[in-house]
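Colleague: I have a structure to go through with you. Shall we take it one question at a time?

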Amino acid sequence: MGRKADIWTVIRSPSASEFVDFGDNLFQRASMVSISLILLSLGLAMDAFAVAVAHGASHRSNHVTALRMSFVFGVAQAIMPLLGWILGIAFAAFVQAAAHWIAFVLLSILGLRMIKEGFDRNTDKAMKDLSLWPLLVAGIATSIDAAVAGVTLPSFGVPIVIACVVIGLTTFVLTYPGVFLGALIGARIGKWAEVLGGLILIGLGIKIFMAHQTFGV
């Protein structure tokens with residue numbers, strides 16, 4: 001009996017050795033799927049994490065702020081791959097061609113806005129929390145790549161909805177501490193934290209643009 005046991009063999013002839021072989025097979029496949037999906041999720045979450053650090057460095061940060069940003073970014077990262085998968089290859093091709101421009105423009109606008117406010121405001125005046133629309137724009141800008149990645153989700157061998165939930169949760173988990181990490185940085189450099197945050201956003205937009213121009217990603 002040199003062949004590996006599959007589920008039908010186990011059902012027809014449920015011997016102990018075949019159950020063990022089948023369990024090992026299932027565990028190996030699940031492990032490979034989990035590792036691949038988690039790596040994809042971490043990669044997609046990095047931009048959101050960077051924005052969270054920039055926001056935390058330049059704004060008043062508390063648990064409500066961190067949860068709100070984590071929620072918006074997590075939901076955006078979960079929805080965009082689903083949209084990419086639903087709308088299919090044609091949509092993915094369009095997004096892949098335009099994603100770097102969209103992300104570059106949106107993040108640059110947000111970054112310039114933060115830099116301007118950093119120079120305009122009083123040193124002793126705490127920056128108010130990011131309002132809803134800029135937060136949504138940042139969420140969209142950092143999740144555009146996820147729409148393209150959505151086309152590849154069937155290759156992971158897990159239900160699409162579950163894959164999207166894993167991606168969204170990963171972003172949520174990374175964004176939350178990112179806000180407080182930025183707050184620690186901001187407490188040390190004061191007013192210039194907002195300028196630094198704006199530069200981080202612009203740099204992130206340039207990074208996305210240059211990665212596409214250089215490597216086609």
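Modeller: Start with Leu107. It touches Val51, Ala141, Leu201, Ile202, Leu204, Gly205 and Ile208, leaving aside residues up to four places away in sequence. Keep in mind that this is a predicted model.

Colleague: Which element gives the most residues to the largest nonpolar core?

Modeller: That core has 19 residues, and Leu107 is among those with the most contacts inside it. Helices H2, H3, H4 and H7 each give two or more residues to the core. The top giver, with 8 residues, is H3.

Colleague: Is Ile86 buried or exposed?

Modeller: Ile86 lies in helix H3. It is part of a nonpolar surface patch with Phe71, Val75, Ile79, Leu83, Trp85 and Leu87. Exposed means over 50% relative accessible area. Ile86 has 54%, so it is exposed.

Colleague: What kind of aromatic pair do Trp101 and Phe209 form?

Modeller: Their ring centres are 4.8 Å apart. Planes over 60 degrees apart count as edge-to-face. These planes are at 70°, so the pair is edge-to-face.

Colleague: Which helices does that pair link?

Modeller: The two residues are 108 apart in the chain. Trp101 is partly exposed at 47% relative accessibility, while Phe209 is buried at 16%. Trp101 sits in helix H3 and Phe209 in helix H7, so the linked helices are H3 and H7.

Colleague: Which residues form the aromatic cluster?

Modeller: The structure holds 3 aromatic pairs. One of them is Trp101 with Phe209. The cluster is Trp101, Phe104 and Phe209.

How values were computed:
Residues numbered from 1 in each chain as written. Predicted model: local features only at pLDDT ≥ 70, side-chain atom pairs only at ≥ 80, totals over all residues. Heavy atoms only, no water. Core = buried A, V, L, I, M, F, W, Y, C linked by side-chain atoms within 4.5 Å. Buried < 20%, exposed > 50% of the residue type's maximum accessible area, 1.4 Å probe, protein only. Helix = DSSP H or I, 4+ residues; strand = E, 2+ residues; numbered from the N terminus. Contact = heavy atoms within 4.5 Å. Patch = residues over 30% accessible without salt bridge, like charges linked within 9 Å, V, L, I, M, F, W, Y side chains within 5 Å. Areas by Shrake-Rupley, 256 points an atom, 1.4 Å probe, with all protein chains shown as cover. Salt bridge = Lys/Arg side-chain N within 4 Å of Asp/Glu carboxyl O. Phe/Tyr/Trp six-rings, centres within 6.5 Å; stacked < 30°, edge-to-face > 60°.
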